[in-house]
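Trainee: Please take me closely through one part of this model, one residue's surroundings to begin with, and then relate what you find to the rest of the chain.

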Amino acid sequence: MSSIQKFAHHAMATKFEMFVASDSNDNAKHVAVELWNEIDRLENELSRFREGSDIWRLNRSQTNTWVRFGLDAFECLKQALDISAATNGAFDPTIGPLFRYWRECQDNQVKVDPKVLSEAKKAVGWQKIILDEDSISVKMLADHMQLDLGGVGKGYALDTVAELLLDDWEMNEVMLSAGGSTVLVLDQPVDEVWDVGLGGLDWKEPLLLNHSAVSGSGMGVQGEHIINPRTGNPVPKQNRVWALAKTAATSDALSTAFMVMNQEEINTYLLENPETQIFC
């Protein structure tokens, strides 16, 4: 009979966890080490704070200058921009200048200057990021843009290591978590159940995920500060929003987008993407 084993690792400013049903403790430990090494590698490529990363180099490049990317950073950015397009910019990985300005005003306890805010908005816009799939290169069309994959990177990391679990180690009775705000489940184990509670909601029944992911944003999610990319203003405080999707990267981004979108927009998205659900 398999036993449930838990492994944890700190990366991307959060705690990653793996719960695995396995009858081999040594094998599970070996797999966990390999997964954490892969997540560390991804952080080095996706983080805007890591000197020399693709994102770090793009943010310091001149406007309209192509920057060569590695495959993972390019794919993660492509997925982020696809979700930006699908949500009409409710999720936007170029939100950095707005977020930084609001944080500066808060830290210095000064009022927001509408003129300065307007200038920051000019440096925001997912449509101003151009991808060239032939050369795996990226360029930005506006001055002072700052790309940040933090809203999708942790989910992308979970998706990546999930593929390794399935393809390289043929391990599928696994639940993966990033900071408790994004959870990805492969197969349900034979002798146990992976159930996921939705914290902050009056939700009585746990979710029984199967090859799908759920992510949460909003009040109660540590470190969560959401700016509306469309208006440039913070999203009013509200309860958590949880998004369920087939991949962790998608659920990660959608949980933020759903806090910005109005109900009509959300309903339209759900109709066009029936594999997606929202809990709020």
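Mentor: If neighbours within four places in sequence are left aside, valine 183 is in contact with Met175, Leu176, Ser177, Val196, Leu209, Ser212, Ala213 and Val214. Please keep in mind throughout that this is a predicted model. Valine 183 lies in strand S7, which covers residues 182-185, and it counts as buried because its relative accessibility is 8%, under the 20% cut-off. Between the C-alpha atoms of valine 183 and leucine 244, which are 61 residues apart along the chain, the separation is 9.5 Å.

The buried residues of H3 are Asp72, Ala73, Phe74, Cys76, Leu77, Ala80, Leu81, Ile83 and Ser84. The partners against which the buried residues of H3 pack include the helices H1 (25-46), H2 (54-59), H6 (153-167) and H7 (248-260), together with the strands S4 (129-132) and S5 (137-140). Just after H3, asparagine 88 adopts a positive phi of about 55 degrees.

The two strands named among those partners lead on to a sheet, in which three strands are arranged openly in the order S3-S5-S4 with antiparallel pairing. Its edge strands are S3 (67-68) and S4, each of which pairs on one side only. S3 and S5 run antiparallel and are joined by two bridges, and valine 67 has valine 138 in S5 as its bridge partner. H3 packs on this sheet, touching S4 and S5, and its direction makes about 130 degrees with that of S4.

Seen as a whole, the chain has a secondary structure of eight helices and ten strands. Its radius of gyration is 19 Å, close to the 19 Å that the globule rule gives for 280 residues, so the chain is as compact as a globular protein of that length. Buried residues make up 49% of the 280 residues, and of the contacts with a separation of 6 or more, 60% are between residues 24 or more positions apart. The accessible surface comes to about 14000 Å², and carbon and sulfur atoms account for 47% of it.

Terms used: Residues numbered from 1 in each chain as written. Predicted model: local features only at pLDDT ≥ 70, side-chain atom pairs only at ≥ 80, totals over all residues. Heavy atoms only, no water. Buried < 20%, exposed > 50% of the residue type's maximum accessible area, 1.4 Å probe, protein only. Helix = DSSP H or I, 4+ residues; strand = E, 2+ residues; numbered from the N terminus. Contact = heavy atoms within 4.5 Å. Pairing = 2+ DSSP bridges. Axes fitted to C-alpha atoms, helices over the stretch in contact; angles between N-to-C directions. Rg over C-alpha atoms; globule rule 2.2 N^0.38 Å. Areas by Shrake-Rupley, 256 points an atom, 1.4 Å probe, with all protein chains shown as cover.
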